[in-house]
Amino acid sequence: MARSAVLCGLGAWVPPHVVTNDDLAALLDTSDEWIRTRTGIRQRHVIGDGLSTVDLAVEAGARALKSAGLSEADYLVLATTTPDRLCPPTGPEVATRLGMTGVPAFDVAAGCSGFLYGLQTGRALIAGEIADTVLVIGAESLTTLVDPDDRGTRPLFGDGAGAVVLRMGADDELGAVLGVNLHSDGSLSELITVAGGGARARAAGDTAPAHITMHGRATFAHAVKHMEEVTRQTLAQVGWDITEVDHVVGHQANARILHALAKRLGLAEEQAVVHIEEVGNTASASIPLALHHGVVTGRIKPGDRLVMPAFGAGATWGAAAMTWPQLEI
Ligand code: ACO
């Protein structure tokens, strides 16, 4: 019988410092009203006090391991677009801080689809009999990449981390990750970029700071289209009709994207789990943070059927379908 990956642990952590829309409106030509109505965001958590992506990842990872009742996993996959340094990779330091020195640990960079790329990697390690347990963490410090003077990007992003533990199991168990589909299109690479600090900029002698630029409207349109397509593809793969889905736990880039997606899929708006108002866009951390929010607020219950689509820089996109397990969190 094929070995399936079953989600058996969940953890989340956001840094304590909160920046509200009103805080930003005091610094930029923007308003709480604009940010809330255009994006759904009310506040975001921001690192400071010496914290970095490693710290976020360790906090979420430790909580996920505890939730799974494990002290370590066979592999650690860290999804991030904001590693602490270009070199070394961030995963090994996270593993050591979690007491997992010696365990294979590596980074996966896939923009806002990073968690799904990490999930598929963990799933493949289990299916391929390479690992029995995998810790998949999404951790981001995106507020370190925004131009503080850019009202177009600074309000959108927040910092945080979410993590899951996958274990070997069977498809008929609650928590089984039944299907994942991933895609990319490099011809859309200019949609969302951080050019500064990269090899291309260094080779050209360009010393501009590392700041996110985004073509918002075009990204919005691609996100809705591709997330709908890949959700339908994933539902067909696992043999679910859309009417059998309880929740869409999508990447939290904009509440309007999540509501438009639910509508295009023929679902009620309330079936989209929306957590962006509290945390902003946390890229690779966003789906596990939204899962955690859905569980602690009592919306996501054992046995529920979930589909989790994402779209982000690359461009990359994908979706996963799973049943929700009974968890201690
Ligand atoms: N406050 C006030 N006005 C603003 C602000 C702000 N914070 N930001 C932009 N504006 C202005 C613009 O200057 C523009 O003014 P103009 O009409 O005078 O030129 C106007 O508001 C409209 O700007 P748009 O960019 O067209 O606004 P839009 O409604 O598209 O919202 C947003 C922008 C929120 C970025 C939206 O396009 C979006 O969510 N896009 C998708 C984001 C996404 O999916 N990202 C995915 C992944 S990110 C990653 O991978 C790291």
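Which of the 24 residues around the ligand come nearest? In this predicted model, in which local features need pLDDT of at least 70, side-chain atom pairs count only at pLDDT 80 or more, and totals for chains, interfaces and linings use all residues, the nearest are Thr-30, Arg-38, Cys-112, Arg-217 and Asn-254, where a residue is near a molecule if one of its heavy atoms lies within 4 Å of it. Residues are numbered from 1 along each chain as its sequence is written, and side-chain values use heavy atoms, with hydrogens and water left out.

A polar side-chain atom of Arg-38 lies 2.6 Å from an oxygen atom of the ligand, and a polar side-chain atom of Arg-256 lies 3.2 Å from an oxygen atom of the ligand. Gly-216, by contrast, places a backbone N or O atom 3.0 Å from a nitrogen atom of the ligand.

An open sheet of four strands, with mixed pairing, has the order E8-E13-E12-E11; strands (E, at least two residues) and helices (H or I, at least four) are DSSP runs numbered from the N terminus, and two strands pair if DSSP finds at least two bridges between them. Strand E8 (177-184) and strand E11 (247-248) form the edges, each pairing on one side only. E8 and strand E13 (residues 316-323) run antiparallel and are joined by seven bridges, and His-183 stands opposite Trp-317 in E13. Helix H5 (residues 114-127) lies across E8, strand E12 (305-312) and E13, and runs at about 125° to E8, the axes being lines fitted to C-alpha atoms, for helices over the stretch in contact (heavy atoms within 4.5 Å), with angles from 0 to 180 degrees between N-to-C directions.

Aromatic rings of Phe, Tyr and Trp (its six-membered ring) pair if their centres lie within 6.5 Å, and planes under 30 degrees apart count as stacked, over 60 as edge-to-face and the rest as tilted. By this rule the count comes to two aromatic pairs. One of them, Tyr-75 with Phe-106, is edge-to-face, at 6.5 Å centre to centre and 80° between the planes. This pair links distant parts of the chain, since Tyr-75 belongs to strand E4 (residues 75-79) and Phe-106 to strand E5 (residues 105-108), 31 residues apart. Tyr-75 is buried, with a relative accessible area of 18%, whereas Phe-106 counts as partly exposed at 28%; buried means under 20%, exposed over 50%, and partly exposed in between (1.4 Å probe, protein chains only).

Terms used. A polar contact is a pair of N or O atoms within 3.5 Å; within protein, one must be able to donate a hydrogen and the other to accept it, and residues adjacent in sequence count only if both atoms are side-chain atoms.
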